[in-house]
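This briefing covers one protein chain.

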Amino acid sequence: KWQQQGWIPDAKVQYLDFQRLEAAEPDTFNVALAMQQAQEFTDTNNSMKESKNLVEMWLDLARGVNERQHEKQLDMLLEELGEMPSWEEPSECAYWVAALINPTPSMDLAVDIR
């Protein structure tokens with residue numbers, strides 16, 4: 001609609017100085033918080049009947065949506081992604097989970113999180 005009315009989108013770009021960021025002291029509180037949240041996704045949930053982690057539970061639900069269509073796609077995606085990173089690497093773990101939930105091209109299994 002904005003193209004028809006002649007509107008021009010506006011964007012602001014901020015470049016990160018990675019050398020400065022790498023030299024900076026790590027924010028231990030936020031790193032610890034990220035590790036704790038990653039651990040919640042990857043550790044088994046013993047209160048659940050089958051003692052699965054949240055990622056395994058999501059995979060079971062995704063496979064149940066349309067078994068024929070998604071089973072092969074999920075298996076191929078998991079093979080491409082490799083082993084899920086440990087909760088001790090929270091950024092890598094988050095990217096891995098995001099790539100699983102919202103692969104490109106989309107499998108329409110989850111709300112777009114890009």
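The points below are grouped by topic.

This is a predicted model, in which local features need pLDDT of at least 70, side-chain atom pairs count only at pLDDT 80 or more, and totals for chains, interfaces and linings use all residues. Residues are numbered from 1 along each chain as its sequence is written, and side-chain values use heavy atoms, with hydrogens and water left out.

**Overall make-up**

- The protein chain has 5 helices and 0 strands, where helices (H or I, at least four residues) and strands (E, at least two) are DSSP runs numbered from the N terminus.
- Read from the N terminus, the order of elements is α-α-α-α-α.
- Of the 114 residues in the protein chain, 18% are buried; buried means under 20% relative accessible area, exposed over 50%, and partly exposed in between (1.4 Å probe, protein chains only).
- Carbon and sulfur atoms account for 53% of the accessible surface of the protein chain, which is about 9700 Å² (Shrake-Rupley method with a 1.4 Å probe; for residues, only the protein chains shown count as cover).
- Taking contacts (heavy atoms within 4.5 Å) between residues at least 6 apart in sequence, 40% join residues at least 24 apart.

**Helix 3**

- The 12 residues of helix 3 should span 16 Å at 1.5 Å a residue, and the 17 Å between its end C-alpha atoms agrees with this; the expected span is 1.5 Å times one less than the number of residues.
- Val55, Trp58, Leu59, Ala62 and Arg63 are the buried residues of helix 3.
- These residues lie on the same side of helix 3, because they cover an arc of only 135° around the axis (the arc is that of the directions from the helix axis to the C-beta atoms).
- Exposed residues Leu61 and Gly64 sit on the face of helix 3 turned away from its buried side.
- An α-helix has 3.6 residues a turn, so residues three or four places apart point the same way.

**Helix 5**

- Pro90, Cys93, Trp96, Val97 and Leu100 are buried in helix 5.
- The buried residues of helix 5 fall within an arc of 125° seen down the axis, so they line one face.
- Ala94 belongs to helix 5 (residues 90–101) and counts as partly exposed because its relative accessibility is 45%.
- Between the C-alpha atoms of Ala94 and Ala38, which are 56 residues apart along the chain, the separation is 7.1 Å.

**Nonpolar core**

- The largest nonpolar core has 10 residues: Val55, Trp58, Leu59, Ala62, Leu74, Leu77, Trp96, Val97, Leu100 and Met107. A nonpolar core is a set of buried Ala, Val, Leu, Ile, Met, Phe, Trp, Tyr and Cys residues joined through side-chain atoms within 4.5 Å.
- Helix 3, helix 4 and helix 5 each give two or more residues to this core, and helix 3 supplies the largest share, 4 residues.
- Not counting residues up to four places away in sequence, Leu74 touches Trp58, Leu59, Ala62, Arg63, Met107 and Leu109.

**Charged residues**

- The count is 1 salt bridge, by the rule of a side-chain nitrogen of Lys or Arg within 4 Å of a carboxyl oxygen of Asp or Glu.
- Asp75 and Arg63 form a salt bridge through their side chains, at 2.8 Å from N to O.
- This pair links Asp75 in helix 4 (residues 67–81) with Arg63 in helix 3 (residues 54–65), 12 residues apart.
- Asp75 is partly exposed, because its relative accessible area is 36%.
- Glu71, in helix 4, is partly exposed at a relative accessible area of 29%.
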